[in-house]
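Open the model in your viewer and keep the selection panel at hand. We will go stop by stop.

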Amino acid sequence: MSGSAAGGEPGAHAFQVDLRGVVDLLARHLYSGPRVYLRELLQNGVDAITARRAVDAGAPARVRLRPLPGGGLEVTDSGVGLTPQEARDLLATIGRSSKRDLDLGVGRDEFLGQFGIGLLSAFMVAESIELVSRSAVDPTAPAVRWRGFDDGSYTLDVLPDASVEPGSTVRLQPRRDAEHWLEPATVVTLAEEFGGLLPVDVAVEVPLHAPGQPDEPAHGEQANSEQANSERAHDERQRVWRRTSATELPWRAARPDEDAEDRATRLAGYCERTFGFVPLAHIDLDVPVAGVSGVAFVLPQSAPASSAVHRVYLKRMLLGTRVPQVLPDWAFFARCVLDATALRPTASREALYEDEVLLATRDALGAAVRAWTLDTLRARSALTRRFVDAHHLALRALATTDDDLLDLAADALPYETTDGVRTLTEVREETGGVVYASTVEEYRRIAAVARAQGLVVVNAGYVYDADILARLARRHPTWGVRPLGAQDVAQVLSTLPPVREIELASFVASTNAVLEPLECEVQLREFEPTSLPALLLQDRDGEHRRTLARTVAEGDDLWGEVLAGFAEDAQPRRLVLNCANPVVGRLVDAPPGEVRDAGVRSLYVSATLLAGEPLRARDAELMNGSLSVLLEAGLPAVTSETGRGPSADPAPDPTPDPTPDPTTDPTTDPTTDPTTDPTTDRAPKPTHDPTEGHR
Ligand SMILES: Nc1ncnc2c1ncn2[C@@H]1O[C@H](COP(=O)(O)OP(=O)(O)OP(=O)(O)O)[C@@H](O)[C@H]1O
């Protein structure tokens, strides 16, 4: 648009605008693509209708889109129109908008547009834009024709033609290579997408049998027959108006004979058409202060949190189909369709402006989704089960911050336990408490022993679970929720008969002497699985008391005495030997000496590995030392001449068969392999895989 030198200051000039540069900027950096041209034209038509209806409530509300045979597009609205003077003022200046002032007597909030750049977006697809208009509010004003060209020039003519109807018609002459944007099928698609929920009557003129319509003859079938061809040619010339807008919002549509179930079915159909999935349920959304209404659809399967985007309309014009941040992060199991009147768009009109109204709206929508979630969990219905199955991860996320949901989560969420899949409430009712392993590794290590002893341990190793359990323990101290401790396991392992205990007292004493430098003491038990020779139990309290004992030993006399009162029954780590295991059975009855001690140390090292503890340098040294003692005792002595034993002939060997027995050898025992689930012989799911746990 041509600028003139500014008046006022001598030497002052008006900026010149390079229109092609501006259009390029809009196309590449503001809008997501040329397709938005149609939204801007629809928006101008709807705003013009709003302005006219502010002064004449009964005025028609109609927008007609007519793809032209030669390749252009004509958009006619029954809106307020423009006088020649208004056209000069508003269309000749980029950034000028009638919708920011109240000259027309309608508040700015009523309009979709506000920036004064929308019409320019048509230059993304058109080389020229013509607007023919007649004012509906000033009957004396003549019609006007404004023509803008993509080189930045424009013309303005007053039309003597008195037959021009009030309202406006915009005609686009396509740009080369942009013709497809103005074709009937594209125009229908764009009009439905952007204006599908507009409250005005929008229609596109299409051939009677638009290409691709189902009643078109299939390829090859009849297509060559002369009669069919002439019928088609006739139909092509026949034009019909295809309605692309709705009179009511789908979630607001009041149907007299419709009950709740029918409405749910209708909304599910709408969800399927819009999002492509049949929802588990819908949640009505209403935030009157922000002028927001809509519906959230609960996904039938879990979905990544990052895909939580929503379809948002502003004043019933589509803002975007992938708008993020509409619901709180935890509500990633729902997809919304929303219409808002008080939320503000960014200049591209494709995203929401992050302001306080949006923050408050997000909170209010979150509250509605949360209320539905709580009700659904309380209902314990078939829907509850399907919802929990599909979205337990989102529920776990929410339970880490929401106390009401935390309590319901205890009732509803499934957990892997050593007694099968259970809810925490079931575990509590059955066992009087909830003992949990905080990591998957810890759970896997203890599962076989615990299961065999009937000790119920909950696997809280997956994402959010240890947090949830710790929060439950704080919130309900009487529920007996606590992490698995050494004493839980020790208590359920059977003790030996007293006579046997007495028999083995000297073994215990000498073994304790062997283990003492390792801050460990031995305990003899008999337990399942018998294939497991030894278990190293770590007692967190014991750990603490051991630190205290060390402090006592190092402290001065006065403090030493005080601290000693607390440190008395310091419990070191415990190496629990399973006397039901054949190897251990032989070891406890073996004569005292170096070989037996080496056997004890080997068991200690394998139990340390099984417990997932790293081997310290001292442990590795111990292992090598024990190994050489055991080898020396088990292998024939080496002679200096042959480098082999005294006899190479296969004389009967008095030592036991060194071939490992898979049922007794800790190194081949599946339970010693922390990557294998000893109960099922199947590799566990990767640790902390949030999407796979708990099934
Ligand atoms: N169909 C129409 N009928 C009447 N007036 C129109 C029409 N189209 C455009 N106008 C006038 O031209 C002005 C500029 O239009 P334009 O689309 O560039 O900006 P806008 O609609 O005001 O704001 P936005 O940039 O947010 O769309 C409008 O404010 C309006 O006064």
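Which residue in S7 is the bridge partner of valine 63? Keep that in mind while you select the strands. This is a predicted model.

**Stop 1: the strands.** Select strand S1, residues 62–67, together with S7. The two pair in the parallel sense, over four bridges. Now pick out valine 63: its bridge partner in S7 is valine 202.

Highlight valine 206 and look across to S8, where valine 240 is its bridge partner.

Stay on S7 and show residues 201–207. Six of these seven residues are buried, so the strand is largely enclosed by the rest of the structure.

**Stop 2: the ligand shell.** Select the ligand and the residues around it. There are 20 of them, and the closest are Ser97, Ser98, Lys99, Gln114 and Ile117. Color the shell by type: seven residues are nonpolar, nine polar and four charged.

Now show helix H2 (36–55) and helix H3 (84–91); each supplies at least two shell residues. H2 gives the most, with four.

Stop 3: Zoom in on the ligand's oxygen atoms.

- Asparagine 44: a side-chain N or O atom is 2.9 Å from a ligand oxygen.
- Glutamine 43: a side-chain N or O atom is 3.1 Å from a ligand oxygen.
- Leucine 119: here a polar backbone atom is 3.0 Å from a ligand oxygen.

Finish with the ligand's surface. Taken alone, the ligand exposes 600 Å², and the protein buries 95% of that.

Notes: Residues are numbered from 1 along each chain as its sequence is written. This is a predicted model: local features need pLDDT of at least 70, side-chain atom pairs count only at pLDDT 80 or more; totals for chains, interfaces and linings use all residues. Side-chain values use heavy atoms; hydrogens and water are left out. A residue is near a molecule or strand if one of its heavy atoms lies within 4 Å of it. A polar contact is a pair of N or O atoms within 3.5 Å; within protein, one must be able to donate a hydrogen and the other to accept it, and residues adjacent in sequence count only if both atoms are side-chain atoms. Accessible areas come from the Shrake-Rupley method with a 1.4 Å probe; for residues, only the protein chains shown count as cover. Ala, Val, Leu, Ile, Met, Phe, Trp, Tyr, Cys and Pro count as nonpolar, Asp, Glu, Lys and Arg as charged, and the others, Gly among them, as polar. Buried means under 20% relative accessible area, exposed over 50%, partly exposed in between (1.4 Å probe, protein chains only). Two strands pair if DSSP finds at least two bridges between them.
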